[in-house]
Amino acid sequence: MKPIFTFFLLLFFLCVSVPLGNAQEIMKMKDSVPTWLLPMKVSLYSFPTEEEWNLLQEIRFPFILELNLNSNYPDLEVDNQKTINLSELPTLRAVHFMGDMISDDLLKTVRDLPALEYVSLKHCDNITDIGISHLSKVKNLKRLRFASCRKVTSSAIGAFRLHPTLASLEIELCVPFTSTLFSDIASIPQLIHFYYDNAISEFSEEELLKLADMKKLKSLGLSPCDQLTRPMLETIIQKLPDLECVFLQNCSKMTESDEREIQEIFPNLMIVINTGYEKFDY
């Protein structure tokens, strides 16, 4: 029974998500279990006090690999922002930011994290292009997602031109479209996943065809697609030999039969076309 018990104990510790309120309990575990069994994910639902941040630093090794920082709660203390320096958590691989209190200065503290691969920003309305430019300095960044960050512009994307490791870029309801946006994104050499959803944007035929310059793409998501026609889509697909998945939304010039027929032409491609604007999971 002992090996079975050990297996389930290991499974529990590897999967558990630890809110800040339970951090004291983690400290108690340190004396009773090996450090490599400690939880990997910590969620902060407000900015920590200096005491709480010092506690996180004390227990950081080797398991704080993912951090959720949500600043939307009303009991947030503004002064506590000064206590956070994410560069003091060098094992971090993923950071999820949410809320108006996330600042450009806070993003600056992640730029030198050696293991960081994924950054997500949601409803961070005080983040500007300056903050996004800090993220472009993260050497091993593989995935970047930002949604509803109203001050971020397409100029921020230019900072990622030639980024050596960025493979996935997801932009939702922010970054107004410009004529250079797709060209800048096409210059990211390792990009294999791109999703862009901006309800107010309208793409011209010339701009849509620039998607074909993203030569390594394996998955593409785009909305709205009112200007996209079947011939244009086929042209884009033909120029992207590694493409595996296409998700298109709000495509008024295409029909369900177009989807079926394109699928027959490209049998190894998974394609989903929504003619309306009902949100789909991506």
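Predicted model: local features only at pLDDT ≥ 70, side-chain atom pairs only at ≥ 80, totals over all residues.
Let's start with a loop. The peptide bond between Ser223 and Pro224 is cis, with omega at about -5°.

Next comes H8 itself, which covers residues 230–238. Which of its residues are buried? They are Met232, Leu233, Glu234, Ile236 and Ile237. These buried residues pack against two helices, H7 (205–209) and H9 (256–265), and also against two strands, S10 (245–249) and S11 (270–274).

One of those strands, S10, leads us to another loop: Asn250 sits between S10 and H9. Asn250 has a positive phi, near 60°, and is not a glycine. Ser148 is also a non-glycine residue with a positive phi, about 55°, and its loop runs between strand S6 (143–147) and strand S7 (168–172). Most residues other than glycine have a negative phi.

Here are the two side by side:

| Residue | Phi | Relative accessible area |
|---|---|---|
| Ser148 | about 55° | 17% |
| Asn250 | near 60° | 17% |

Ser148 is at 17%, so it counts as buried. Asn250 is buried too, because its relative accessibility is 17%.

Notes: Residues numbered from 1 in each chain as written. Heavy atoms only, no water. Buried < 20%, exposed > 50% of the residue type's maximum accessible area, 1.4 Å probe, protein only. Helix = DSSP H or I, 4+ residues; strand = E, 2+ residues; numbered from the N terminus. Contact = heavy atoms within 4.5 Å.
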